[in-house]
Amino acid sequence: MRLADLTREIERSRGAVTVLDLAARLDTTPAAVDAMLAALRAAGKLSPDGRPQQRSDECPSPGSCSAVCPGPASCPFVANLVTGLEIRRR
Amino acid sequence: MSPIIAIAGCPNAGKTTLFNRMTGAKQKVGNWPGQTVDRHEGAFSVHGQTFQAVDLPGTYGLVAVSAEEAIATGFLCQERPAAVVTVIDATNLSAGLHFVAQIAEAGLRQVVALNMSDVAERRGITIDTETLEDAIGVKVIRTVARRGDGVEELQAAIADAVGGGLPAAPLVLDYGPVVERHLGGLVETTVAHPEIHRLGPPRWIMLQLLAGDEQVTRAVEDIPGSAKVLTAAQQARETVAAELGFDIETALAERRLDWVTGLVDRVSGPCHAGPTVSDRLDMVLTHQAWGLPVFLAVMWVTLRVTADVTAPFLDWIDSTISGPVSRWAEALFQAISLDGTWAEGLVVDGIIAGVGGVLAFVPVLFGLYFMLAMLEDSGYMARAASVMDRGMRAVGIPGKAFLPMMVGFGCTVPAIYATRTLDSSRDRLLTGLLTPFMSCGARLPVYVLLAEVFYAGQRSTVVFSMYLLGIAVAALIGLILSRTVLRESEPAPFVMVLPEFRLPNARTVWALTRQRTWTFIKGAGTIILAASIVVWFLLAIPSGGGGGFADTPVEDSAFGGISKVIAPALKPLGFGEWEQSGALLTGFVAKEVVVSTMAQLYAVEDTAEEETSDGFGDDLREIGTSFVGAAADTLRAIPRVVGLNYVDLEDDSSSHLQSTIRSSFDKSSHGHGALAGMAFLVFVLLYTPCMAAVAAFRQEFGARWMWVSVIGQSVVAWTGALLVYQGGLLLGVG
């Protein structure tokens, strides 16, 4: 079962694993891994981490950060670099 | 009552753009019950019939994994709208079809909007919509929401779907013998509970119970006498997992994947996609051996552009503020007969020198933010994060720490908040303790100023060294902490999905650069302004020495008195003069204040040199001429970034501020000014970034760890600067 193998490979990794790494380990193409991740995501088996709502909407103190920036939730310095997907346990 | 139409689909498929096109101005915005998420509703009419459209938050499927997704799935499964417009991204058909399949299994009427069809066509992706319609039994409309293409056709299809009146026939997928056997048994148990049928097709309800869908489980729990059904579903869930050797969610996803893959093959041709150009680039850029050298090279170019290419504009703003702007202010005070008063001193030596000293670095920050935005939007920053992740894990720092640390290159405050994305409190704390060592944008003006004073020809090398040193110190501290008080736990596994490489979008790059630079400028107008005023007053207040208010020698001022208390502790580091300790003291407020304080201190001390001009017109001409000169120098500096030196741009002239700083450091280090300057930079890199970062740290980790962080950073900064200065003296450097 491809998805079970993929899930096992993700769980086996210590920390981050990329689509390219997974493709190499499962001897398939990155596009195939993308499709498998989409399937797991649609089934609620993978969930994204680091979502914006996990950040605070409040500034550390009035008159400091709040005086010059719109607050952590919409801070222009927060870059959307990557999407991290974690295996969701229930 | 008008039929309700839900606009649903995966995030970034273009739902909201399509919703706006469908409803036009007929919209209202409210909140979802008990949520802060906006609920957008609107209306549209087809042949006199009005429909109410609701724009749902993006979701990948009907099993919610977040609060926002729960809003969408709750609305679809419990409200059961008259029809669903499933918006799918034509360039990512596979992801969209998983959602289509689940909506169809739930027995909801749907119309599929194949959005971004123009982009798909440009990429050579062909989709046979007729075959797709036959396979899923619903109307598929090509749309380009951005232009409004296909919207009328889509509205007509919705009207047809709703007008048919008959319930949609649920899609039935074969989930294999094991699941089907248990599923069949579960569906039979619902015969005794007709209320369950009101929630949706019984087969779908049982599938959701098997998949552990919390919302459907709660809805079934509310039905009297349904406990047996729930118990049977739970037992089936466990039995299926035992029989298959893996969980049932994976089994259901596997069968849907088969269905989606088969369908994509039929409607879009077999997918034999090998590695794309982006994949091939990744093989080099994230390679175990090449990844790090490439990352360092990219950082080098970024900082060369930042420090060298923008330098002519730095000089232009600096000379404009210290020259014409200061002269105009003096002329204004003369015109209102307040020249020579403390008010003139506050404005010219306090505000203009302090705030102006920081504003001069706007071009440098613009350069940094421009380069970072280019790297972010091209997708390279994600690769850099991947390279950093590997290195950090090697020294016991959690893999996910790369995100806060990359954010830390811009600003430490959001970087500390970004630690919330980490799983354990140990990982969050460790990363929070390390992010302040990442060199934030506010330290850049200090680096550039001191590098200009002591290492004019090696400006970018000095700045680059500071960035690298910050990473190295973070790695070292991380290694020590993870082997002692914050022992390493098993790192949580996760998939890092990197975005496709692309040419940076000019609009996005400009927006990011503008927002970040503007934040820096606003800081100059608030925090730096306030700090400059406070420092000026402290410099004006006599403390034990001679003179009255605003007429006391600066070393005898209150500021001088406070700074002299700290200065002895910094003597072994080569910068034990009170001006230097005073600048570092105010740097606790914000790092840019180090520069504004230096500008104020040395401007106050500067009484010998007074530039004159022949009038306002001459000043304007001077500003214009020097701007053209700066622009020309910038253009000539660009080839030097990659080592092409067509024109000698070395400028031997240095400002009065620079020569005074040099003299001050030479004096404090007994002639080893360059070495003391380097030690000063190391101290600025490593000590507490700013008060806002301290407050953020306290909010996230509590007062005790805040003190550990502040004291720890001060100790590390002092030790680092000591090693540089005393080590340099021992080795005969500088």
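**View 1. A:Glu9 forms a salt bridge with A:Arg25, with the closest N and O atoms 3.5 Å apart.** A salt bridge here is a side-chain nitrogen of Lys or Arg within 4 Å of a carboxyl oxygen of Asp or Glu. The pair links distant parts of the chain, 16 residues apart: A:Glu9 sits in helix 1 of chain A and A:Arg25 in helix 2 of chain A. Helices (H or I, at least four residues) and strands (E, at least two) are DSSP runs, numbered from the N terminus. A:Glu9 counts as buried at 11% relative accessibility, while A:Arg25 is partly exposed at 41%. Buried means under 20% relative accessible area, exposed over 50%, and partly exposed in between (1.4 Å probe, protein chains only).

This is a predicted model, where local features need pLDDT of at least 70, side-chain atom pairs count only at pLDDT 80 or more, and totals for chains, interfaces and linings use all residues. Residues are numbered from 1 along each chain as its sequence is written, chains are lettered from A and ligands numbered from 1 in the order in which they are written, and side-chain values use heavy atoms, leaving out hydrogens and water.

**View 2. B:Glu105 meets B:Arg256 in a salt bridge, the closest N and O atoms being 3.2 Å apart.** B:Glu105 lies in helix 3 (residues 93-105) of chain B and B:Arg256 in helix 12 of chain B, so the pair ties together parts 151 residues apart in sequence. B:Glu105 is buried, at 4%, and B:Arg256 is buried too, at 5%.

**View 3. B:Glu243 forms a salt bridge with B:Arg181, with 2.8 Å between the closest N and O atoms.** B:Glu243 is partly exposed, with a relative accessible area of 41%.
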